[in-house]
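Work through the exercises below with the sequence and the coordinates at hand. Each task is followed by a stepwise solution.

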Amino acid sequence: MRRVEVGAAPSDVAVHPSGKFVVVTSLYTNFATVIDTLTYRVIARPPVPYYTTAVAFSPDGRWAYL
């Protein structure tokens, strides 16, 4: 098991339909954390509103809903 920093108070995790990455939202940060599932590296931190509590992907993986 590996530890990845995702921000204060992680609130939700969603796996992309391809399985290639996961997105984690955190209550007290203004970004989501995108993690590559093969390397466990943070590949992006897109901005989101503070207190974002959930994330989900469309079935085709083209959209992430917060």
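The exercises go from the whole chain to single residues, and the model they use is predicted.

**Exercise 1. Overall fold and dimensions**

Task: State how many helices and strands the protein has, and decide whether the protein is as compact as a globular protein of its length.

Solution. 
1. Counting secondary structure gives zero helices and six strands.
2. Read from the N terminus, the order of elements is β-β-β-β-β-β.
3. The radius of gyration is 11 Å, and the globule rule gives 11 Å for 66 residues, so the protein is as compact as a globular protein of that length.
4. Along the principal axes, the C-alpha atoms occupy a box of roughly 30 × 25 × 15 Å.

**Exercise 2. Surface and contacts**

Task: Find what share of the residues counts as buried, and what share of the accessible surface belongs to carbon and sulfur atoms.

Solution. 
1. With the cut-off for buried at under 20% relative accessible area, 32% of the 66 residues qualify.
2. The accessible surface amounts to about 4,600 Å², and carbon and sulfur atoms hold 58% of that surface.
3. As for contacts with a separation of 6 or more, 31% of them join residues 24 or more positions apart.

**Exercise 3. The surroundings of Thr25**

Task: Determine whether Thr25 is buried or exposed, and list its contacts beyond four places in sequence.

Solution. 
1. Thr25 is part of strand β2, which covers residues 21–26.
2. The relative accessibility of Thr25 is 1%, so Thr25 counts as buried.
3. Once neighbours within four places in sequence are set aside, Thr25 is in contact with Ala9, Pro10, Ser11, Asp12, Thr52, Thr53, Ala54, Val55 and Leu66.
4. Take Leu66 from that list: its C-alpha is 8.6 Å from the C-alpha of Thr25, while the two residues are 41 apart in sequence.

**Exercise 4. Aromatic pairs**

Task: Count the aromatic pairs, and classify the geometry of Phe21 with Phe57 and of Tyr50 with Tyr51.

Solution. 
1. The count is three aromatic pairs.
2. For Phe21 and Phe57, the ring centres are 5.9 Å apart and the planes make an angle of 75°. Angles over 60 degrees count as edge-to-face, and this pair is edge-to-face.
3. Phe21 belongs to strand β2 and Phe57 to strand β5, so their pair ties together parts that are 36 residues apart in sequence.
4. Phe21 has a relative accessible area of 23% and is therefore partly exposed; Phe57, at 18%, counts as buried.
5. Tyr50 and Tyr51 have a centre-to-centre distance of 6.5 Å and 55° between the planes, which makes the pair tilted.
6. Ring pairs also bring Tyr28 into a cluster with Tyr50 and Tyr51.

**Exercise 5. The loop between β4 and β5**

Task: Locate Pro49 and Tyr51, and decide whether each is buried or exposed.

Solution. 
1. Tyr51 sits in the loop that runs between β4 (42–44) and β5 (56–57). Pro49 is also in the loop between β4 and β5.
2. The cut-off for exposed is over 50%. Tyr51 has 56% relative accessibility and so counts as exposed; Pro49, with a relative accessible area of 55%, is exposed.
3. Pro49 and Phe31 are 18 residues apart in sequence, with a C-alpha to C-alpha distance of 7.3 Å.

Conventions
Residues are numbered from 1 along each chain as its sequence is written. This is a predicted model: local features need pLDDT of at least 70, side-chain atom pairs count only at pLDDT 80 or more; totals for chains, interfaces and linings use all residues. Side-chain values use heavy atoms; hydrogens and water are left out. Helices (H or I, at least four residues) and strands (E, at least two) are DSSP runs, numbered from the N terminus. Buried means under 20% relative accessible area, exposed over 50%, partly exposed in between (1.4 Å probe, protein chains only). Contact means heavy atoms within 4.5 Å. The radius of gyration is taken over C-alpha atoms; the globule rule is 2.2 Å times the number of residues to the power 0.38. Accessible areas come from the Shrake-Rupley method with a 1.4 Å probe; for residues, only the protein chains shown count as cover. Rings of Phe, Tyr and Trp (its six-membered ring) pair if their centres lie within 6.5 Å; planes under 30 degrees apart count as stacked, over 60 as edge-to-face and the rest as tilted.
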